[in-house]
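This report covers a single chain. Please view the sequence and the fold together while reading.

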Amino acid sequence: MKQIWKQTWRQRLAAALIQLLMVLAMAGVGIRMPVQAAEKNAVTQSGEMKVHFLDVGQGLSILAQSEGKTMIYDGGDRKTSRFVVSYLKEHGVSKIDYLISSHYDADHMTGLIGCLNAFDVKNVISSNYVHTSKLYQSFVKAVKADGLKMQHPAVGKTYKFGRGSFEILAPKTIEAKGSNNNSVAIKLMNGENSFVFTGDAEHESEAAMCNSGIDLSCDVLVPGHHGSATATSWDFLQKTVPEYAVISCGTNNKYGHPDKDTMDKLQSMDIQVYRTDKQGTIVVTSDGTNLNWSAEPCNDYTPGDDSDQGTQSTSEVQQEASKTATGEHVWVSATGNKYHKTNHCGNMNPNTAKEETREEAEAQGLEPCKKCY
Ligand SMILES: [Zn+2]
Ligand SMILES: [Zn+2]
C-alpha cells in the first residue's frame, strides 16, 4: 500500500512538474512572441539608418528610421494616405519625432494629416507660407489638435536624428504666390552616407541651395518635383553628384513625369536610377559607410511620356555632363598630397580643408584619397 501511495505521489509530483513546465513554457512563448515580432519589424541596428521610399503613386513620401527615432518627409496623396499609415505601423512606428511637410500641395501633404491623427508626433517642420486649399486648413487643424506648432527653420539649421543628423537646405526665400519653390529641402546624414530630399523645389530654389555654401554632395538624390524638367538643373547635379537617384512618381501619370531632360542628365552622368513607378516601394539601409538596397536599380531612363523628345540635343547633354565631371568639387587638406570627396572623410583636418575643382587638384599633382574615392 505504502509503495503504491509513493508511486502515486511520485506520479502526481511528476504530473505537477510537467504542468508547471508547460505553464512556464506557455508563459515563455507568451513573452517571446512580442519580442520576436518587434525584432522582425525592427527597425535598425546600432549605427544604422533605414530610408524607405514609399510607393505613393504620383506623390512623395519618405520614411527614415535610426536608433528608435522616426522621420517622415511628406506623406503622399489621399489615395495612399491609409497605406502610408499602415506601412509605418508595420515598420514598428508609434511615434514620429520629425514630421516634415515639404510644401502644401496635396500629393505631398495629404498623408501627413493621416500620420498626425494616427501617431504621437513630436515636431512638425514645414514651409512658412499659407496655402488657400481646404486641405491646408485640415493640416493646420491636425497640427493644433496635437498641441504642436509648425516650425519653419532657417537654412543651415541642423538637427540630431538617431545616429545621424539632418540639415535644412531650403527654402532660402518664400515666393508669395509660389508653392513648389517654397519646399523645405533637407540633407539627411548617417556617417559618410547622405541623402538629399528637395520636395518639389525647382531651378530657382536649387540655385539658392547651390549658392548657400552648404556641402550638397550626397549618395542619394531624390530628383525634385517627381523628375520634372523644372527641377534637377545641371548646376544642382554638379553640386550634389549623387551615385543614386530615386524618382517618386505614378505609373502613366498625367504630367509625363519623369521628364526626358532629367532622365538624359542622369543617364549621361551614369547616376544609377530607382523608380517607384517601376519598382514600387524601395528601402535602403545605411551602416554609415555602405548602402544596402532592397532591390537593384532599374536604371530605366525612359521618360514618363514616350512622346517626350526632350529639349536638349545629345551633344549638348554630353557636353554638360563632361563639364560636370571635370567641374566636380573636391576637398584639399592644408598639407598632404591627396584630394577628398568630403571634408570629413577622416583622413584630413576639416577645419583647414579648402574646396576646389577636381581639375585644379589634379593639376597640382594631387591624387584621390583611397578612403573616400
Ligand atoms: Zn508641388
Ligand atoms: Zn509634387
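In this predicted model, Ser81, Arg82, Val84, Val85 and Leu88 of helix 2 meet Thr110, Gly111, Gly114, Cys115 and Ala118 of helix 3. By class, this contact holds five nonpolar, four polar and one charged residues. Arg is counted as charged, and Gly as polar.

How do the two helices pack? Helix 2 spans residues 81-90 and helix 3 spans residues 106-118. Their axes lie 8 Å apart, at an angle of about 45 degrees. Angles from 65 to 115 degrees would count as roughly perpendicular, and those under 35 degrees as roughly parallel. Helix 2 is therefore oblique to helix 3. The crossing of helix 2 and helix 3 is right-handed.

Seven strands form an open sheet, in the order 7-8-9-10-11-12-13. The pairing is mixed. Strand 7 (158-161) and strand 13 (272-275) are the edges, each pairing on one side only. On average, neighbouring strands of this sheet are turned by 20 degrees against each other, direction ignored.

Which residue of strand 10 is the bridge partner of leucine 188? The partner is phenylalanine 195.

| Element | Residues |
|---|---|
| Helix 2 | 81-90 |
| Helix 3 | 106-118 |
| Strand 7 | 158-161 |
| Helix 6 | 234-240 |
| Strand 13 | 272-275 |

**Leucine 237**

Helix 6 contains leucine 237. Is leucine 237 buried or exposed? A residue counts as buried if 20 or more other C-beta atoms lie within 10 Å of its own. Leucine 237 has 24 other C-beta atoms within 10 Å, so leucine 237 is buried. Methionine 269 is 32 residues from leucine 237 along the chain. The C-alpha atoms of leucine 237 and methionine 269 are separated by 9.0 Å.

**The chain as a whole**

The chain has 10 helices and 19 strands. Of its 373 residues, 42% are buried. What share of the contacts with a separation of 6 or more joins residues 24 or more positions apart? Such residues account for 67% of those contacts.

Terms used: Residues numbered from 1 in each chain as written. Chains lettered and ligands numbered in written order. Predicted model: local features only at pLDDT ≥ 70, side-chain atom pairs only at ≥ 80, totals over all residues. Pairing = 2+ DSSP bridges. Helix = DSSP H or I, 4+ residues; strand = E, 2+ residues; numbered from the N terminus. Axes fitted to C-alpha atoms, helices over the stretch in contact; angles between N-to-C directions. Buried ≥ 20, exposed ≤ 12 C-beta atoms within 10 Å, placed from the backbone. Contact = placed C-beta atoms within 7 Å. Parallel < 35°, antiparallel > 145°, perpendicular 65-115°, else oblique. Left-handed = near helix turned anticlockwise from the far one by under 90°.
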